[in-house]
Amino acid sequence: MDYNIIWYILVGVLLIGYAILDGFDLGVGILHLFSKGDYNRRILMNSIGPVWDGNEVWLITAGGALFAAFPNVYATAFSSFYLPFMLLLIALIFRAVSIEFRSKEKSTRWRSFWDKGFSIGSILAALLFGLAIGNVVMGFAIGDDMEYQGNVFDLLNPYALTAGIFALSMFALHGAIYLNMKTEGELQLQVQKWIKVAYWIFVPLFVVFSLLTLYLKPEMIANFSFGMIDLPGNKHALIEKHEVLISIFAWTVVALNILAIANIPRTLHKGSYGWTFISSASMIAAVVMLFALGIFPNMMISNLDPGFNLDIYNASSSPYTLRTMAILAAFGLPFVTSYTIIIYWTYRGKVKLDEMSY
Amino acid sequence: MNWDVETLSRIQFAFTIMFHYIFPPFSIGMGLLLVIFESLYLITRKAIYEKITRFWIKIFAANFAVGVASGIVMEFEFGTNWATYSRFVGDIFGSPLAAEGIFAFFLESGFLAILLFGWNRVKPGMHLFATIMVALGSILSGFWIVVANSWQQTPVAFEIVEDFGIRRAVITDFWEMVFNPSAMVRFSHVIVGAFIQGAFLVMSVGAYYILKKKHLEFAKISFSIALMVAAMGSLAQPLIGHTHAQVVEKYQPAKLAAFEGLYETQKNAPLYIIGWTDPVTQETTGLAIPGMLSYLVHGTFEGEVKGLKEFPKEDWPPVKGVFQSYHLMVALGMFFIALTLFSLFMLWRGKLFEMTWLLKLYLPAVALPVIANQLGWISAERGRQPWIVQGLLRTSEGISKSITSEEVMISLVLFMIVYTLLFFVWLYVLDREIKHGPDHLQVIEAGFKKRSEKMDVIKTN
């Protein structure tokens with residue numbers, strides 16, 4: 001295993017961390033407008049109050065890590081995805097300041113403006129993340145100079161749009177499951193109804209999305225196929241050597257994914273809400289891992305020629321930088337994990353409003 | 001002007017970073033003050049310090065939120081608009097950005113949760129610890145960003161390689177890259193500038209209360225402490241700036257020449273207090289101290305300073321703008337020294353808070369350090385032009401190849417609309433918080449828990 005693989009995994013870990021953590025606070029934002037009344041809306045916002053900023057840091061760090069470890073992926077991805085990405089940034093700005101500013105004024109018009117900012121920002125962000133992942137699977141029109149040759153309309157293909165809606169439903173479900181832990185009384189009963197609705201939107205979308213992926217991009221399961229499907233282009237030596245082991249691992253993730261999804265209604269019914277959350281977090285982790293396994297060792301796929309794919313070697317930094325940064329990350333990550341645990345532990349339990357709340 | 005991708009991307013970068021750069025210096029400066037205020041609270045256990053700490057935390061939070069929100073843009077703009085630059089420097093520039101995430105942002109955002117919402121949840125000692133960690137996090141974040149930027153100014157510890165048809169710089173020694181020749185001096189300059197900016201905000205609000213004869217004890221203590229920070233910062237700044245200028249002379253002589261409008265290489269080079277420079281006639285006129293530039297750079301009036309004519313004209317920075325932004329920054333710095341030292345003297349004499357005119361001066365003065373910090377940034381960045389990485393890559397070579405000017409125009413307009421809105425909302429919220437003033441502690445204890453508020457709301461289905 002070389003440092004390129006380690007960084008592929010590290011960037012993956014950061015993205016999984018981001019998808020799980022910001023996933024639920026985007027989800028809270030997606031559901032925000034469904035809650036009625038000022039008190040409920042404040043509860044919703046304050047359920048993520050102390051943590052949303054830290055959750056977003058996972059994205060920022062993933063961006064920094066991508067820049068440092070795979071600069072060509074960083075450059076190609078963001079310049080290809082230019083306009084959608086700018087929209088994403090504006091959505092993230094809007095939701096961030098909406099949280100801070102909303103409760104600064106008593107006026108209903110003021111509050112309802114920022115409520116909308118928070119919710120629309122969250123919905124847009126979830127859709128655009130899905131759109132981005134969808135395009136990664138479908139491939140960008142990347143030329144031999146690693147530059148994007150398509151235009152913004154190519155990015156709005158049906159598969160990517162489905163991915164956007166899939167992401168929206170997944171985060172809404174995850175957000176509702178998080179809120180179920182943080183609320184009580186009538187609001188909690190309402191939240192549980194949201195979970196049911198979101199779940200029954202999500203499950204069919206999950207099936208449709210998986211089938212669509214298999215139909216349009218069968219090579220996505222080449223790494224799962226015990227060597228039966230040949231990946232066009234580059235197949236990593238690691239996979240050739242350990243075909244069986246990796247395929248077994250991949251199918252274990254698939255199985256865990258399905259079990260996690262099935263476990264959501266079971267734990268909800270039993271009233272073990274913490275486990276419901278762990279299930280939906282595992283579901284998200286599994287989805288991200290399946291994508292990562294599907295495209296490995298590529299990071300961006302060219303739909304012009306597999307030879308133009310950006311993979312963990314032609315897109316990476318120098319071995320020296322990868323090694324140095326891996327050492328730094330190894331020092332830093334235990335700290336990061338411990339602050340995260342301390343913060344979530346400090347703010348465990350139901351949301352209570354006090355004078356410092358939003 | 002030619003509205004091509006390069007021009008528009010430069011305008012967009014300048015606009016988004018200048019907007020962003022209003023906020024982090026406030027956070028860094030106020031972070032330090034929060035640590036001081038809260039430490040005083042823990043040492044003295046006086047309620048007034050708790051009141052002070054809690055009030056400034058609210059102002060800090062509103063400012064921090066806009067800073068974080070506008071900061072995400074900065075990190076990704078390198079990839080969206082400057083893809084070729086990113087490919088060239090990814091190895092080097094990306095590393096400090098990643099380090100900033102791992103070592104600064106997580107620290108800052110994690111403990112921010114306790115700083116903002118933790119009063120009733122953690123013990124006072126833990127709360128102070130969180131405040132210190134947030135302040136430290138914001139300083140560290142400044143460190144890594146300045147490191148990344150400084151490498152662009154004074155690139156060292158790299159070699160140029162060509163991989164997969166792409167020419168790029170790769171690190172040969174990580175720590176030598178981090179502590180590149182200009183990194184520490186620029187970092188000190190930026191952080192002290194931030195301390196001054198934060199302190200001026202506290203003084204401006206304090207002066208407002210004193211003039212209004214409201215919250216007097218609160219205002220006087222806040223003002224006095226901030227004044228000491230501002231005075232120390234202002235005094236330190238020329239010393240750091242001086243060292244900084246020597247580094248610039250050594251590594252970016254064209255930039256130094258542009259700072260001072262120096263066209264001919266000369267001994268006994270003058271230092272302008274105020275002046276006008278014209279790159280067409282290649283003349284600089286104004287009020288100058290003869291020989292002072294040579295003396296400052298080399299310690300002797302005989303020291304030779306390189307003029308712009310040493311360099312091909314296409315390598316000249318935009319001289320006029322750089323000269324003026326640099327001189328205005330220096331002038332503001334001098335003004336801060338005079339103002340804060342005079343105020344300190346009056347504080348010592350016990351007369352400061354009766355001097356209405358002086359307090360009135362402090363109300364708008366909060367804008368001046370913001371302007372000075374922005375001017376510093378302009379001098380540093382425009383002074384580096386036409387290079388995006390000094391001597392290695394031109395700005396025109398750094399742009400993304402796959403984006404169109406229409407796309408950049410759309411995003412630029414979007415940012416302008418959103419940021420203008422945000423700026424006014426931020427001012428409005430700040431104004432409201434300031435007019436509302438610090439809470440009485442009894443009010444704080446009573447909190448918000450109104451039963452009636454809870455009843456009106458739950459309308460399920």
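What follows is a set of questions and answers on this structure, which is a predicted model.

Me: Which residues have the most contacts inside the largest nonpolar core, and which residues does A:W7 touch?

Reply: The largest nonpolar core has 290 residues, and those with the most contacts inside it are A:W7, A:F101 and B:W56. Leaving aside residues up to four places away in sequence, A:W7 touches A:A65, A:A69, A:F70, A:L322, A:M325, A:A326 and A:A329.

Me: At which residue does helix α4 of chain B bend, and by about how many degrees?

Reply: A straight helix of 35 residues would span 51 Å at 1.5 Å a residue, whereas α4, residues 83–117 of chain B, spans only 40 Å between its end C-alpha atoms. This helix is also mostly covered, with 34 of its 35 residues buried. The bend in α4(B) is at B:V89 and amounts to about 90 degrees.

Me: How do strands β4 and β5 of chain B run, and which residue stands opposite B:W276?

Reply: Strand β4 (residues 271–278) and strand β5 (residues 283–289) of chain B are joined by seven bridges and run antiparallel. One of the pairs across them is B:D278 with its bridge partner B:E283 in β5(B). For B:W276, the residue standing opposite in β5(B) is B:T285.

Me: Which residue in the turn between β4(B) and β5(B) has a positive phi?

Reply: Most residues other than glycine have a negative phi. The two strands β4(B) and β5(B) form a hairpin with four residues between them. The turn residue with a positive phi, of about 60 degrees, is B:Q282.

Me: Is B:E407 buried or exposed?

Reply: B:E407 lies in helix α14, residues 405–436 of chain B, and, with residues up to four places away in sequence left out, touches A:Y82, A:L83, A:V152 and B:S402. B:V5 is 402 residues away from B:E407 in sequence, yet their C-alpha atoms are 8.8 Å apart in space. Because the relative accessible area of B:E407 is 12% and the cut-off for burial is under 20%, B:E407 is buried.

Me: What is the relative accessibility of A:S122, and which residues does A:S122 touch?

Reply: A:S122 is found in helix α6, residues 108–138 of chain A. Not counting residues up to four places away in sequence, A:S122 touches A:L26, A:G29, A:I30 and A:R95. A:S122 counts as buried, because its relative accessibility is 0%.

Me: What is the phi of A:M146, and is A:M146 buried or exposed?

Reply: The place of A:M146 is in the loop between α6 and α7 (158–182) of chain A. With a relative accessibility of 5%, A:M146 counts as buried. Although A:M146 is not a glycine, its phi is positive, at about 70 degrees.

Me: How accessible is A:I221?

Reply: A:I221 lies in the loop between α8 (185–216) and α9 (237–241) of chain A, and touches A:L214 and A:I229 when residues up to four places away in sequence are not counted. The C-alpha atoms of A:I221 and A:A250 are separated by 9.0 Å, and the two residues are 29 apart along the chain. With a relative accessible area of 26%, A:I221 is partly exposed.

Technical notes: Residues are numbered from 1 along each chain as its sequence is written. Chains are lettered from A and ligands numbered from 1 in the order in which they are written. This is a predicted model: local features need pLDDT of at least 70, side-chain atom pairs count only at pLDDT 80 or more; totals for chains, interfaces and linings use all residues. Side-chain values use heavy atoms; hydrogens and water are left out. A nonpolar core is a set of buried Ala, Val, Leu, Ile, Met, Phe, Trp, Tyr and Cys residues joined through side-chain atoms within 4.5 Å. Buried means under 20% relative accessible area, exposed over 50%, partly exposed in between (1.4 Å probe, protein chains only). Contact means heavy atoms within 4.5 Å. Two strands pair if DSSP finds at least two bridges between them. The expected span of a helix is 1.5 Å times one less than its number of residues. The bend at a residue is the angle between axes fitted to the seven residues ending there and the seven starting there.
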